[in-house]
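Subject: A structure for you to look at

Hi,

Here is the structure I promised to send you. Please open it and keep it beside this email while you read.

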Amino acid sequence: MPEITPTAAPRGKTHWAVHVNHRHRSLGYAMLLVVVGLHVAPQDRSPLLWLVLVAHFAVYPQLAFWLARRAADPMAAEIRHMYLDALSLGAWIAVLHFPLWISFVMVIGCLLNLTLYRGTRGWLEALSLLAVGCALAGSITGWTLQPQTDPWVTALAIVSVSLYLFFVSLDSQKRSMRLRDTRQELQTKELALQQQLAEIQSLQTQLREQVRRDALTGLFNRHHLSDVMERELARCARDGQPLSLLMIDIDYFKRINDSYGHQVGDDVLRETARLLLERTRDSDMLFRYGGEEFLLVLVAADAVVAKAVAEELRQRYELSPLALAGRPVMATLSIGVATFADHGVDFYSLVQAADQALYRAKRAGRNRVEVA
Ligand SMILES: Nc1nc2c(ncn2[C@@H]2O[C@H](COP(=O)(O)OP(=O)(O)OP(=O)(O)O)[C@@H](O)[C@H]2O)c(=O)[nH]1
């Protein structure tokens, strides 16, 4: 049986073990007072014995309680008191001349208490201390053997030990039930905490995603672009692979806003994003770069391939009237193309090159593709 580790009671509260032991000790000693009193009453014993009997069996349990409540370590104080119980009851056994049933009651009580708190070690300690107490008292008062007790005393001793065992078991059962309830409560709380944690983690993921996404089109935004480009350009440089940027701009977008309203302008941006996504490969990455500007990253595509892709996008877009609010809205795209490492070796120079190409496309009349 594992030893019960001392635990500090919350400030101002008496330790549970002190309460339980006080109850058990008061009850056990009260019953012993009656049993031993009845046993020694017909004997011609000195008044001192009666005095010690009352002091030990009636006063000592209250004193032990008072001391344990004030102890810095109440559990350690309780164990000390249990040692004292075993030592003193051992002495009583010798002083009373070894009455069989009374000795049995005393031995059982001590063994039970110390075993409950300290396992096998407690059982051995109780037995040793009983023996020491007995030996000390016997060596002072002399060794007399009178195992018989009056039948009434015997009966009372049996009732007392039964009652004592009953109350100790009852308290242990109550305590284990309370422990079970507490454990269940803790498990429920732990489950709730785990759920909260999962919710927080999912919210964090959503937030991280929101930071990377443009709210209007749902595309990755410019903030995420620089992270991706840094990684992709490093990979291309390592593998000697090309990579192209397509700076895509909706022509005369201001006019769309002015003619149809800002709301329709938003719809055009959403629809443009959808159309561009529809016509790009899984490995390509589309970003909303600015107001009406999109940036398409074509992995492993050189300038020739990128120009062809840009041309196809431009033509298809031109031919797809954007059906918005029941009205077809015609729009065209101008696209500037720049390729790593032909037109730039870092993100900044590549974007600049694509931007300049786009500017040229605009200057040349719009609805065009220009390579840097
Ligand atoms: N509806 C809407 N309009 C936006 C948004 N962001 C930017 N714009 C508008 O896009 C327009 C861009 O106009 P300009 O930069 O003059 O470009 P443009 O009219 O497309 O002309 P070019 O690019 O030269 O062909 C501005 O009127 C902005 O207000 C947006 O999120 N929603």
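Two notes before we start. Residues are counted from 1 along each chain, in the order its sequence is written. The model is predicted, so to speak of local features we need pLDDT of at least 70, side-chain atom pairs count only at pLDDT 80 or more, and totals for chains, interfaces and linings use all residues.

**The helices at the start of the chain**

Helices (H or I, at least four residues) and strands (E, at least two) are DSSP runs, numbered from the N terminus. Two packed helices are described by the angle between their axes and the distance between the axes. An axis here is a line fitted to C-alpha atoms, for helices over the stretch in contact, and angles run from 0 to 180 degrees between N-to-C directions.

Start with helix α1 (residues 16-40) and helix α2 (residues 47-70), whose axes come within 10 Å and cross at roughly 180°. The two are therefore roughly antiparallel to each other, a label for angles over 145 degrees, while under 35 counts as roughly parallel, 65 to 115 as roughly perpendicular and the rest as oblique. Residues are in contact if their C-beta atoms, placed from the backbone, lie within 7 Å. The contact includes Y29, L32 and V36 of α1, and F57, P61 and F65 of α2. By class, 14 of its residues are nonpolar, three polar and two charged. In this scheme Ala, Val, Leu, Ile, Met, Phe, Trp, Tyr, Cys and Pro are nonpolar, Asp, Glu, Lys and Arg are charged, and the others, Gly among them, are polar.

Helix α1 also meets helix α5 (residues 151-212): the axes come within 9 Å and cross at roughly 175°. That makes α1 roughly antiparallel to α5 as well. Among the residues in this contact are L27, M31 and L38 of α1, with W152, L156 and F167 of α5. The contact of α1 with α5 has 15 nonpolar residues, four polar and one charged.

What does the UniProt record say about this part? An unreviewed entry places "transmembrane region" at residues 26-41, 48-69, 89-114, 126-145 and 151-170. UniProt positions are given in the numbering used here, feature names are shortened, and annotations may be inferred rather than shown by experiment. In the model, residues 48-69 are 100% helix and 0% strand, with the end C-alpha atoms 30 Å apart. Residues 126-145 are 80% helix and 0% strand, and there the end C-alpha atoms are 22 Å apart. The unreviewed UniProt entry also gives a "coiled-coil region" at residues 179-213; this stretch is 97% helix and 0% strand, with its end C-alpha atoms 50 Å apart.

**The sheet**

Further along there is an open sheet of five strands, in the order β2-β3-β1-β6-β7, with mixed pairing. Strands pair if DSSP finds at least two bridges between them. The edge strands, each pairing on one side only, are β2 (285-288) and β7 (369-371). On average, neighbouring strands are turned by 20° against each other, direction ignored. Helix α10 (residues 347-363) packs on the sheet and touches β1, β6 (333-340) and β7; its direction makes about 145° with that of β6.

Strands β1 (residues 243-250) and β3 (residues 293-299) pair in the antiparallel sense over seven bridges. One of the partners to find is I248, which bridges to F294 in β3. Strands β2 and β3 also run antiparallel, joined by four bridges, and a hairpin of four residues connects them. Here L286 stands opposite L296 in β3.

**The ligand site**

Which residues come nearest to the ligand? Of the 16 around it, they are D251, F253, K254, G265 and G291. (A residue is near a molecule if its C-beta atom, placed from the backbone, lies within 6 Å of it.) Helix α8 gives the most to this shell, with four residues. By class, the shell has five nonpolar, four polar and seven charged residues.

The peptide bond from F340 to A341 is cis, with omega near 5°, and A341 is in the loop between β6 and α10. F98 is not a glycine, yet has a positive phi of about 60°; look for F98 in the loop between α3 (74-95) and α4 (100-141).

Enjoy exploring!

Terms used. Contact = placed C-beta atoms within 7 Å.
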